[in-house]
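The following explanation leads the reader through one protein chain step by step. Please keep the structure in view while reading.

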Amino acid sequence: MISEEQFQNELDLIIANAVREDVGDGDHSSLSCIPASAQGRAKLLVKDEGIIAGVAFAKQVFNYVDPNLTMEILIEDGAQVKYGDIVFYVEGSSQSILKAERLVLNAMQRMSAIATKTQDFVSLLDGTDTKILDTRKTTPGIRALEKWAVKIGGGENHRFALYDMVMLKDNHIDFAGGITKAIQKTQDYLEKKGKNLKIIVEARNLDEVDEILKSNGVYRILLDNFDYDETREAVKRIGDRCLTESSGGITEDTIRKYAECGVDYISSGALTHSVYNMDLSLKAV
């Protein structure tokens with residue numbers, strides 16, 4: 001994953017672009033009927049149940065819109081919430097609260113849904129040594145928020161983007177002329193560029209696992225669409241020579257069985273691309 005500084009820069013870009021997109025040259029609904037001097041207070045109300053996520057992000061949004069806004073946080077990120085819970089109060093300029101409202105809600109509703117789904121997957125792995133990973137199957141423009149939500153839900157982040165880790169998948173391998181050539185070309189490229197990036201290589205079958213193991217310097221082997229027996233055999237062959245990851249259509253019904261095959265990681269795009277927003281609202285009090 002990228003550094004904390006890079007990650008914060010991504011968040012700053014998300015906030016600035018989202019406010020630009022939503023506010024434009026002014027929130028004329030509020031400007032037209034609410035005096036600039038008006039002060040107000042609002043609460044973040046939960047109308048659902050699950051894991052709350054995005055409280056810390058909301059604080060950044062409110063501070064960006066108006067540094068004079070203050071928050072009273074009652075429930076922190078990662079906590080289980082239920083219908084009727086109040087997560088926080090925000091107080092200050094009424095115009096500023098309304099300007100930030102939609103961005104805060106959009107972000108928290110989606111982040112909470114992702115955190116909840118991730119926590120569900122994590123609970124299915126309880127008692128195993130396998131960890132759940134997200135993927136790059138994220139909503140364009142808000143990847144940092146979605147990967148943050150995965151962490152809040154107890155999962156781990158895969159690479160952030162194309163630039164912070166090498167992942168040689170089937171198309172890379174085929175275009176490069178085979179597994180061994182793809183790995184060698186990658187290692188030569190990284191050495192030439194002076195880059196210290198981890199290398200993950202996808203295997204489509206056990207023969208490809210064997211070929212990958214002939215090369216040194218592979219960080220993790222991705223076992224793509226292997227069945228249970230193939231996964232167990234692959235884990236046995238790989239041993240402690242590198243880490244293992246299962247991926248490809250793994251669901252709540254099958255994730256436990258794959259974990260019991262002994263893989264180090266299971267990656268799932270469903271954590272971020274197949275969720276329903278948690279129902280939250282910001283209400284004046």
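An axis, as the word is used here, is a line fitted to C-alpha atoms, taken for a helix over the stretch in contact, and the angle between two axes runs from 0 to 180 degrees between their N-to-C directions. The model under discussion is a predicted one. With this in mind, consider helix α1 (residues 4-23) and helix α5 (residues 143-152), whose axes come within 8 Å and cross at roughly 125°. Angles of 65 to 115 degrees count as roughly perpendicular and those over 145 as roughly antiparallel, and α1 is therefore oblique to α5. On the side of α1, the residues making the contact are Phe7, Glu10, Leu11 and Ile14, while α5 contributes Ala144, Leu145 and Trp148. Sorted by class, six residues of this contact are nonpolar, one is charged and none is polar.

Is α5 mostly covered or mostly uncovered? Eight of its 10 residues are buried, and the helix is thus mostly covered. The buried residues are Ala144, Leu145, Glu146, Lys147, Trp148, Ala149, Val150 and Ile152. Besides α1, these residues pack against β2 (50-51), α3 (55-65), α4 and α11 (270-273). Just after α5 comes Gly154, which takes a positive phi of about 100°.

The view may now widen to the whole chain. Its domain assignment gives domain 1, covering 4-117 + 276-284, and domain 2, covering 165-267. Taken over C-alpha atoms, the centres of domain 1 and domain 2 are separated by 40 Å.

Which residues touch the most other members of the largest nonpolar core? In this core of 82 residues, they are Ile52, Phe57, Phe88, Met108, Ile221 and Ile266. Helix α4 (residues 94-124) gives the most to the core, namely 12 residues. Domain 1 and domain 2 each supply at least three residues to this core.

A last stop concerns the backbone. Most residues other than glycine have a negative phi. Asn225, however, has a positive phi of about 60° although it is not a glycine. This residue, Asn225, lies in the loop between β9 (220-224) and α9 (228-238). Is Asn225 buried or exposed? Because its relative accessibility is 53%, Asn225 counts as exposed, the cut-off for that class being over 50%.

Methods
Residues numbered from 1 in each chain as written. Predicted model: local features only at pLDDT ≥ 70, side-chain atom pairs only at ≥ 80, totals over all residues. Heavy atoms only, no water. Helix = DSSP H or I, 4+ residues; strand = E, 2+ residues; numbered from the N terminus. Parallel < 35°, antiparallel > 145°, perpendicular 65-115°, else oblique. Contact = heavy atoms within 4.5 Å. Nonpolar A, V, L, I, M, F, W, Y, C, P; charged D, E, K, R; others polar. Core = buried A, V, L, I, M, F, W, Y, C linked by side-chain atoms within 4.5 Å. Buried < 20%, exposed > 50% of the residue type's maximum accessible area, 1.4 Å probe, protein only. Domains from an automatic or database assignment.
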